[in-house]
Amino acid sequence: MNRRSFVSKAWTAACVTVALAGGVRASPQATSKSQIEVFESNENRTPGLEKRAPLQFGKTQTSALTLRVDDSTRYQTIDGFGASLTDSSAWLLDKKLTPEQRKETLDQLFDPKSGIGLSILRQPMGASDFALSEYSYDDVAKGEKDFKLDKFSIEHDRAYIIPLLKQALARNPNLKVIASPWSPPGWMKTSQSMIFGSLLPEAYPALATYFVKFIKAYESEGIPIYAITMQNEPLNIPGNYPGLGMVAVEQATFLRDNLGPALKSAGLKTKVFVFDHNWDLIEYPISVLSDAKAAAFAAGTATHCYGGVPTAQNELHERFPEKEIWMTECSGGDWQKGNLLEQQVRLIINSTRNWAQTVVLWNLALDQNHEPFLGGCTTCRGIVTVNQAASPAQVIPTVDYTALGHVSKFVKPGAHRVASNTFDQGSLEDVAFQNSDGSIVLLVLNSSGAAVSFNIAWKSEYASYKLPAGGVATFVWQASAPK
């Protein structure tokens, strides 16, 4: 087996579901009003995203369950699907792959035609738990301060993060970059370190300037920052990697009095999302957004999946219907048991059915030992695995690539979720979208434990399909573009 490029035709038990080099090259649009393209995956069968024979709409409805799609009822706009090009991910892709491997990998991750067209990257501002070293963009000697930010520099990122971001943008110009700090520079904090601590009151203006400088520095590199969050997981203060404690009243104060005015004064249109933490802590963004002056600077809320359930997002939408909801981090890992594809697709379905405009998984790439990392999660899974133990290194897609591909390739930024019924966990689970060109995308998961036949109903016509136990299918057909 030739392992000099992306794994494509030969698979082992560790190589999960998708043959990246082959890609999914079919057009995401059906060729006629009544024809439905079908792409299916099953965790125990490779490759994934396998194109099936097309279906036809007709007048016959079988006695099976029926999934009804109603594109006249529209919900939130979809911004996209993606992951994080962490310091660890960027280092692996840049340093451990040959130029040919790197090109092919980036094609399959970001190219909307030959690959799965990921359209969101969440970039840590400085070191996170997945980095080779602890760093910020304004590091000074211990005991020193730099409130004027004279030593601010993104030089660290120019080595391999920025070049890879540019290559991703070249493949998908619609790619949106959202940036999140795990910690400000240590001198801004009570701990005087990037580990532990909270933000010193006198450092609030400097941190606002830090964001402005970062956004402008990246824009000068040709990388627009679409959105920022003020702090990754502000109620989590880790002991062995960068973090910052920031309670809701502190975040509201910082946004209202410092960050919001600084962005406005600089003429920056970058969106700000509050919170960036777990569903079970939803009182936090409610508190921040209840401060009207702070909320005026906020586009919405960022959420994570590590506690609670996605229906918590409904509470946010009901209270603040004009504010967006982004699900910005959820990692798969060795703690997951059973059908992993089913779990990851369910995350996508439930997040978007509950108002999320994005689903962003965690590391874009990690090695065979879930590394490199500074601390925290030692069993997290990347979208692809870079096996450094092989010579040359081997790139293996994971189940997360398959799950994301079932939507990222077909649901384009600017699409809307549209109405569809669902039978929930233990039966047929689904979510439907309509792209701006009119094409409709229906994602279906069979979590019943047995093969299930069902109907797809649309505009008084029907098509039938049988999906294996644990199987996932994306159905795509063309409709008139919405007015």
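Modeller: The expected span of a helix is 1.5 Å times one less than its number of residues, and helices here are DSSP runs of H or I with at least four residues, while strands are runs of E with at least two, numbered from the N terminus. This is a predicted model, in which local features need pLDDT of at least 70 and side-chain atom pairs count only at pLDDT 80 or more, whereas totals for chains, interfaces and linings use all residues. Residues are numbered from 1 along each chain as its sequence is written, and side-chain values use heavy atoms, with hydrogens and water left out.

Colleague: What span should the 12 residues of helix H2 have?

Modeller: Helix H2 (residues 99-110) should span 16 Å, and because its end C-alpha atoms are 16 Å apart, the two values agree.

Colleague: Which residues of H2 are buried, and what do they pack against?

Modeller: Buried means under 20% relative accessible area, exposed over 50%, and partly exposed in between (1.4 Å probe, protein chains only). In H2 the buried residues include Gln101, Arg102, Leu106 and Phe110. Contact means heavy atoms within 4.5 Å, and among the partners of the buried residues of H2 are helix H1 (87-95), strand S5 (120-124) and helix H4 (161-171).

Colleague: At what angle do H2 and H4 pack?

Modeller: Axes are lines fitted to C-alpha atoms, for helices over the stretch in contact, and angles run from 0 to 180 degrees between N-to-C directions. Angles under 35 degrees count as roughly parallel, over 145 as roughly antiparallel, 65 to 115 as roughly perpendicular and the rest as oblique. The axes of H2 and H4 are 9 Å apart, at an angle of about 55°, and the two helices are therefore oblique to each other. On the H2 side the contact is made by Arg102, Lys103, Leu106, Asp107 and Phe110, and on the H4 side by Leu164, Gln167, Ala168 and Arg171.

Colleague: What should I expect of backbone angles in general?

Modeller: Most residues other than glycine have a negative phi, and most peptide bonds are trans. Here, Phe196 has a positive phi near 65°, and at 44% relative accessibility Phe196 counts as partly exposed. Trp355, also not a glycine, has a positive phi of about 80°, but Trp355 is buried, with a relative accessible area of 19%.

Colleague: Which peptide bonds are cis?

Modeller: Among them are the bond from Glu371 to Pro372, with omega near 0°, and the bond joining Ser391 and Pro392, where omega is about -5°. Pro392 lies in the loop between S15 and S16.
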